[in-house]
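This briefing is meant to be read with the sequence and the model side by side. Please keep both in view while working through the points below.

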2 protein chains.
Amino acid sequence: MRDYERYDLGDLKLQSGQTLHGASLAFKTYGELDAARANVIVFPTHYRGTHEDNEWLIGPGKALDTDRYFVVCPNLFGNGLSSSPSNTSGAQGRGGFPNVTVYDNVAAQHRLLRERFDVTRIVLAVGFSMGAQQAYHWAVRYPELVERIVPFCGSARTAAHNVVFLDGVKAALTADPVFAGGWYETPPTIGLHAAGQVWAGWGRSQTFYREERWREQGYASREEFVREAYLESFAAADANDLLAMLWTWQHADVSDDPRFGGDLARALGSVTARALVMPSATDLYFPPEDSVLEVRHLPQAELCQIPSVWGHGAGGNANAVDAAFIDRQIARWLAT
Amino acid sequence: MRDYERYDLGDLKLQSGQTLHGASLAFKTYGELDAARANVIVFPTHYRGTHEDNEWLIGPGKALDTDRYFVVCPNLFGNGLSSSPSNTSGAQGRGGFPNVTVYDNVAAQHRLLRERFDVTRIVLAVGFSMGAQQAYHWAVRYPELVERIVPFCGSARTAAHNVVFLDGVKAALTADPVFAGGWYETPPTIGLHAAGQVWAGWGRSQTFYREERWREQGYASREEFVREAYLESFAAADANDLLAMLWTWQHADVSDDPRFGGDLARALGSVTARALVMPSATDLYFPPEDSVLEVRHLPQAELCQIPSVWGHGAGGNANAVDAAFIDRQIARWLAT
């Protein structure tokens, strides 16, 4: 039995001009919506994650306190729960899934919050990685609604190096001819393993591997860590889903809007939400420098680096110290 | 007409216990050996490089001044000029090439210098990347000969993260079934492109891409840079050669010697050469932290970081500023 709900969007016009037919968002809510419909926190999911992977931050006594807040976790298009290549039938399924942007995701989430819950304000938009990208897009697109954002281990626009890193992952996956342009009959396991192997170098820092911090996650060897956390984890995913989300990630850009015409400074300058921006000190694909540069354009922002050697994993609940740090900082930001 | 010489090693006993039959070193010398046979600089090659890729540092008036020094550039096993999968016939060719360590390379180079040139001392062992690894191995294995080393953008032992990064490159290449375990009839071009695409993210820093520094190398776009500098460059190489050198790199370890039994501190502590260690500030696979940790164990060493945003490329003559910095520092070290 599924533990989440579904919101039907019908035929969804995309930023590209294409239409995603019979689109739907999978989502889960936590806590109760108050009478003013004004205690809402939106917490979108990250690459290869679902709402379940957000739950470490949600609950009574946690920053996203369900005794006070109504937390909505919409699933990213392409993650296998919301509309995705793997759950769409017909010509738009599998290798035929259209390109979906972060703005497409956020617009759909906005419909969910307005049409289904009639929310009047959003106390906080928060997210990790691609979730952080969605939080930024929320703030730029719906300034009248969003009071605060806490994007961690993510950026408002995907940096060039980040695109190149992802191109490498994509090349590794699609080097396996079983992939067949997305029209595979059996999973391209060799390509999925290769993609996971490539990611293993990017997902954690040099220091993480040097200090064998995988021991803290209960692995007996580096090889076991890489195999279970990356190779097998990627092989368990649908290749088209991975590539759909990867396209979304590569094209994340808050300034890709007629109001801003690609001007990132102007797009970020329009944000009225108070932003707490938290890069991981050792993130290899959302490096802290990207956040430093973006924060300069945000009118009301604080940069708060996660002091971690876990690389990007610092934001993914990979260890208790970083998880506690993030929880504490979000709680502090909500108290302002 | 080839511009280099060849030294036949006969049947070469390898560190693994295997024998490489009919082994030979390709090398080139620059300048004149003096009467005392004591003005020698050894400058081994790097991954995917040949002696020609070293020549930017060699010549009259340069640090490796051919008016004063006799510079010997031995080519790395697997680089296509010295014994390699691509130029070895029979069972040891192609997918059957044995595993060769950095110590195997250095031992063969030592034979060249002793047997062919009867050198009595080595003023300097210097190298970039895998060339730096060879310089370290020279200092540990032949302390009686080596007076100075200048390893730049490299390490004495390949770090765990570096191994993981290279595993990703290997996985991308071999995801192409045309590779066929090394027994391909036509080049595995898709796999080679994928390997190059993965490398593109690692070879330059995040800042290099953000600041579009590829313009300084004459490229019109990031896409053109990645295609020409990585995809086409990898596709022009032999896949087995790339993987043979990759194995050597992954297993580089000065402490892999019965005298040290894997104790890196002891191996480095035995070095009598004066070492100038130059990491690039933004190197993603030989990060400066690795050099900081290794320098602590060297009895007479100076750490001198290359202040560059070019990542690993800082050491590869990718731009004039870093090239001049390296030349100047080597000249300084030779003057001590």
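In chain B, the side chains of B:E216 and B:R213 meet in a salt bridge, with nitrogen and oxygen 2.5 Å apart, where a salt bridge is a side-chain nitrogen of Lys or Arg within 4 Å of a carboxyl oxygen of Asp or Glu. Elsewhere, salt bridges that share partners join A:D3, A:K28 and A:E55 into one network. This is a predicted model, in which local features need pLDDT of at least 70 and side-chain atom pairs count only at pLDDT 80 or more, while totals for chains, interfaces and linings use all residues. Residues are numbered from 1 along each chain as its sequence is written, chains are lettered from A and ligands numbered from 1 in the order in which they are written, and side-chain values use heavy atoms, with hydrogens and water left out.

**Salt bridges**

- Over all chains, the structure holds 34 salt bridges.
- B:R213 also forms a salt bridge with B:E211, the closest N and O atoms being 2.8 Å apart.
- B:R213 is partly exposed at a relative accessible area of 22%, and B:E211 is partly exposed at 42%; here buried means under 20% relative accessible area, exposed over 50%, and partly exposed in between, with a 1.4 Å probe and protein chains only.
- Another salt bridge pairs the side chains of B:R141 and B:D257, at 3.2 Å from N to O.
- Because B:R141 lies in helix α2 (residues 130-141) of chain B and B:D257 in the loop between α7 (239-250) and α8 (264-269) of chain B, the pair ties together parts that are 116 residues apart in sequence; helices (H or I, at least four residues) and strands (E, at least two) are DSSP runs, numbered from the N terminus.
- Of these two partners, B:R141 is partly exposed, with a relative accessible area of 25%, whereas B:D257 is buried, at 8%.

**Buried positions in helices**

- Helix α2 of chain B also holds B:V140, which counts as buried at 0% relative accessibility.
- Leaving aside neighbours within four places in sequence, B:V140 is in contact with B:Y103, B:V254, B:R259, B:F260, B:A267, B:S270 and B:V271, contact meaning heavy atoms within 4.5 Å.
- In helix α9 (residues 288-295) of chain A, the residues A:P288, A:D290, A:S291, A:E294 and A:V295 are buried.
- These residues cover an arc of only 155° around the axis, which puts them on the same side of α9(A); the arc is that of the directions from the helix axis to the C-beta atoms.
- The buried residues of α9(A) pack against α2 (130-141), α8 (264-269), β7 (274-277) and β8 (301-303) of chain A, together with α5 (206-210) of chain B.

**Contacts between the chains**

- A:R222 is found in helix α6 (residues 222-235) of chain A and counts as buried, at 19% relative accessibility.
- Apart from neighbours within four places in sequence, A:R222 is in contact with A:Y209 and A:W214, and with B:A160, B:V163 and B:V164 of the other chain.
- B:P177, in the loop between α3 (160-174) and α4 (189-203) of chain B, is partly exposed at 48% relative accessibility.
- With neighbours within four places in sequence again left aside, B:P177 is in contact with A:A175 and A:P177.

**Positive phi values**

- Most residues other than glycine have a negative phi.
- B:R48 has a phi near 65°, a positive value in a residue other than glycine; B:R48 is found in the loop between β3 (40-42) and β4 (70-74) of chain B.
- B:N317 has a positive phi as well, near 60°, and lies in the loop between β8 (301-303) and α10 (320-334) of chain B.

- About 40 Å³ of space lies in the largest cavity, volume being the space filled by probe spheres set on the points, which are joined across faces, edges and corners.
- Among the residues that line the largest cavity are A:Q15, A:Y103, A:H137, A:H251 and A:D256, lining residues having an atom within 4 Å of a point.

Methods
On a 1 Å grid over the protein atoms alone, a cavity is a set of points where a 1.4 Å probe fits but cannot get out, and a pocket is an open set with protein on both sides within 12 Å along at least five of seven lines; lining residues have an atom within 4 Å of a point.
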